[in-house]
Structure formats: C-alpha cells, structure tokens
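Trainee: I am new to this one. Could we walk through it together, one question at a time?

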Amino acid sequence: MNPRTLRLAANAELASLVLLLANLATVHLKPVSSLMGPAHGCAYLIVIAATWRIEGAGATTKAIAVLPGIGGLLAFRQLTAGAGHSR
C-alpha cells in the first residue's frame, strides 16, 4: 500500500479527533458529533489497515499505528525516516 494513503488518513484522523474534542469542550452540538465520530473511526481503521499493508512496516510501527489520534502520524514518520525521505 502507498504511504501517501497512510499520511492522508492520519491527518484526517487527527483533525477529526481535534474537532470532536473541541466540540465536546465548547457547545457539544449533536450533529457535529454524529458526523465527526464515524469519520474519526473510519480514518482510524484506515490508518491501521494502511500501516499493516505497507511492506517494510515492522512490529513497532504497526503497534504505534494503533495509538488513537497521533499514532498514524508517528507511524508515517517512522516509515519515511526508515526510507530516508523527509516526507
């Protein structure tokens, strides 16, 4: 699988989590929760699946990807650092 998919899903997961927490801390609108909750869940699952399907992803990288919110970005960073790319 393409690491670009992981990067996009990781950014979507983090953004949706931030929006969910901001909504919870402020006005707690049900439509926002109803939209962002499933979006965050789907992005989280895509991050895990994308990491597990990338060739060369070690056990540590796969375990890091399971962390909610920041795990996808950390896994992407570890994969690209191992490949010697800056992005």
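Mentor: Gladly! Let us start with Ala49, which lies in helix H2; helices here are DSSP runs of H or I with at least four residues, numbered from the N terminus. This is a predicted model, in which local features need pLDDT of at least 70, side-chain atom pairs count only at pLDDT 80 or more, and totals for chains, interfaces and linings use all residues. Residues are numbered from 1 along each chain as its sequence is written, and side-chain values use heavy atoms, with hydrogens and water left out.

Trainee: Is Ala49 buried, partly exposed or exposed?

Mentor: Buried means under 20% relative accessible area, exposed over 50%, and partly exposed in between (1.4 Å probe, protein chains only). Ala49 has 38% relative accessibility, so Ala49 is partly exposed.

Trainee: How far apart in space are Ala49 and Met36?

Mentor: Met36 is one of the buried residues of H2. In sequence, Ala49 and Met36 are 13 residues apart; from C-alpha to C-alpha, the distance is 20 Å.

Trainee: Are H1 and H2 roughly parallel or roughly antiparallel?

Mentor: Axes are lines fitted to C-alpha atoms, for helices over the stretch in contact, and angles run from 0 to 180 degrees between N-to-C directions. H1 (residues 3-25) and H2 (residues 30-53) pack at about 150 degrees, with axes 8 Å apart. Angles under 35 degrees count as roughly parallel, over 145 as roughly antiparallel, 65 to 115 as roughly perpendicular and the rest as oblique. H1 and H2 are therefore roughly antiparallel.

Trainee: What is the phi of His28?

Mentor: Look in the loop between H1 and H2, where His28 sits. Most residues other than glycine have a negative phi. His28 is not a glycine, yet its phi is positive, at about 50 degrees.

Trainee: What is the relative accessible area of His28?

Mentor: His28 falls in the partly exposed class. The value for His28 is 44%.

Trainee: Is Ala10 buried or exposed?

Mentor: Ala10 belongs to helix H1. Its relative accessibility is 0%, so Ala10 is buried.

Trainee: Which residues does Ala10 touch, not counting residues up to four places away in sequence?

Mentor: Contact means heavy atoms within 4.5 Å. Leaving out residues up to four places away in sequence, Ala10 touches Val47, Gly72 and Leu73.

Trainee: What separates the C-alpha atoms of Ala10 and Leu29?

Mentor: Along the chain, Ala10 and Leu29 are 19 residues apart. Their C-alpha atoms are separated by 24 Å.

Definitions and conventions: Helix = DSSP H or I, 4+ residues; strand = E, 2+ residues; numbered from the N terminus.
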